[in-house]
Amino acid sequence: MNTGKAALGILAGLATGAILGILLAPDSGKNTRKKIANKGQDYADDVKEKFDSLLDKMKGKYQSIKNEAENIEAQANGKYAAAKADFKNTMS
């Protein structure tokens with residue numbers, strides 16, 4: 001979890017630095033606004049890509065855990081059925 005916070009802090013610092021650099025650079029207001037919008041879009045796209053990647057990893061882990069749980073359940077049901085059959089055979 002600390003890695004995520006550190007990455008978010010780094011991204012926020014980079015964004016702040018980029019915006020300040022653009023604002024302090026000598027350029028017209030129109031060009032400055034365009035640069036800020038483009039940088040903002042670049043950062044938003046980067047964050048979206050990272051979020052999508054994280055979401056895909058989480059989906060994969062969820063599916064893996066679900067499959068493992070289903071396998072354990074199937075094994076348990078098989079052992080239960082075998083134990084039940086053995087019990088019935090010994091009681092007969």
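Six nonpolar, two polar and one charged: that is how the residues lining the largest pocket divide. Here Ala, Val, Leu, Ile, Met, Phe, Trp, Tyr, Cys and Pro count as nonpolar, Asp, Glu, Lys and Arg as charged, and the others, Gly among them, as polar. A word on the source: this is a predicted model, where local features need pLDDT of at least 70, side-chain atom pairs count only at pLDDT 80 or more, and totals for chains, interfaces and linings use all residues. Residues are numbered from 1 along each chain as its sequence is written, and side-chain values use heavy atoms, with hydrogens and water left out.

Back to that pocket. Its lining is made of Thr-3, Gly-4, Ala-7, Leu-8, Leu-11, Val-47, Lys-50, Phe-51 and Leu-54. Two elements give two or more residues to this lining, helix H1 (2–24) and helix H2 (29–91). H1 gives the most, with five residues. The volume of the pocket is about 320 Å³. For the terms, a pocket is an open set of points on a 1 Å grid over the protein atoms alone, where a 1.4 Å probe fits, with protein on both sides within 12 Å along at least five of seven lines, and lining residues have an atom within 4 Å of a point. Points are joined across faces, edges and corners, and the volume is the space filled by probe spheres set on them.

Now the whole chain. The C-alpha trace spans about 95 × 25 × 10 Å along its principal axes. The radius of gyration is 28 Å, while a compact globule of 92 residues would have one near 12 Å; this is taken over C-alpha atoms, and the globule rule is 2.2 Å times the number of residues to the power 0.38. Of the 92 residues, 3% count as buried, meaning under 20% relative accessible area, with exposed over 50% and partly exposed in between (1.4 Å probe, protein chains only).

Side chains of opposite charge can pair when their charged atoms come close. How many salt bridges turn up in the whole structure? The search finds two, each a side-chain nitrogen of Lys or Arg within 4 Å of a carboxyl oxygen of Asp or Glu. Asp-46 meets Lys-50 at 3.9 Å, N to O, and both lie in helix H2, four residues apart, about one turn of the helix. Asp-52 is partly exposed at 30% relative accessible area, whereas Lys-48 is exposed at 51%.
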